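I wrote down each item as I looked it up.

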Amino acid sequence: PMGYKFGILIDMIGDKDLEIPKEAYSNRMLPAIVKAVWKRAAKLKLRSFRNRIGPDVIDDHRPLIEIGIPIINIIDFDYDPWHTSGDTPDKCSPESLRQIGVLLVDLVYNGL
């Protein structure tokens, strides 16, 4: 049976002003995977991915990494309406979702 090589947690990736830096904890713990994923995003010309380190986010990837499951977080944590009544569908962008989908499909079919 085929095993997994790594995982990707996607969180907060639908907003209109999508900017995805390298999440700090993922980058510190799994730098080779983060580097390869961002390199793939650049090759695919996905403009929302930023080649800089972003915040260290406490999210579902952390306990998985701690037990040995390699999973990185793709997140745009800079989203003002987060967890407010202003977090409505009009803040979402099909283009943002497309960019994430393009990356994930490419990674599933082609690997790193």
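I began with Y109, which is exposed at a relative accessible area of 67%; the words I use are buried for under 20% relative accessible area, exposed for over 50% and partly exposed in between, with a 1.4 Å probe and protein chains only. The model is predicted, so local features need pLDDT of at least 70 and side-chain atom pairs count only at pLDDT 80 or more, while totals for chains, interfaces and linings use all residues. Residues are numbered from 1 along each chain as its sequence is written, and side-chain values use heavy atoms, with hydrogens and water left out.

Entry on the helix. I found Y109 in helix α4, residues 94–110, where helices are DSSP runs of H or I with at least four residues and strands are runs of E with at least two, numbered from the N terminus.

Entry on rings. I searched the whole structure for aromatic pairs and noted 2; rings of Phe, Tyr and Trp (its six-membered ring) pair if their centres lie within 6.5 Å, and planes under 30 degrees apart count as stacked, over 60 as edge-to-face and the rest as tilted. The rings of W38 and F49 have centres 5.3 Å apart and planes at 75 degrees, so I wrote this pair down as edge-to-face. W38 belongs to helix α2 (residues 31–43) and F49 to strand β3 (residues 49–53), so the pair ties together parts that are 11 residues apart in sequence. I also checked their cover: W38 is buried at 6% relative accessibility, and F49 is buried at 10%.

Entry on a charge and a ring. I saw that the charged end of R62 sits over the ring of Y25, 3.9 Å from its centre; the test asks for NZ of Lys or CZ of Arg within 6 Å of the ring centre and within 35 degrees of the ring normal.

How many residues of strand β4 (residues 71–75) are buried? I noted 5 of the 5, so β4 is largely enclosed by the rest of the structure. In a regular strand the side chains alternate between the two faces of the sheet. In β4 both faces are covered, with I71, N73 and I75 buried on one side and I72 and I74 buried on the other. Strand β1 (residues 7–11) runs parallel to β4 and is joined to β4 by 5 bridges, where two strands pair if DSSP finds at least two bridges between them. I10 has I74 in β4 as its bridge partner. L9 has its place in β1 and is buried at 16% relative accessible area. L9 and I72 are 63 residues apart in sequence, yet 6.1 Å apart in space from C-alpha to C-alpha.
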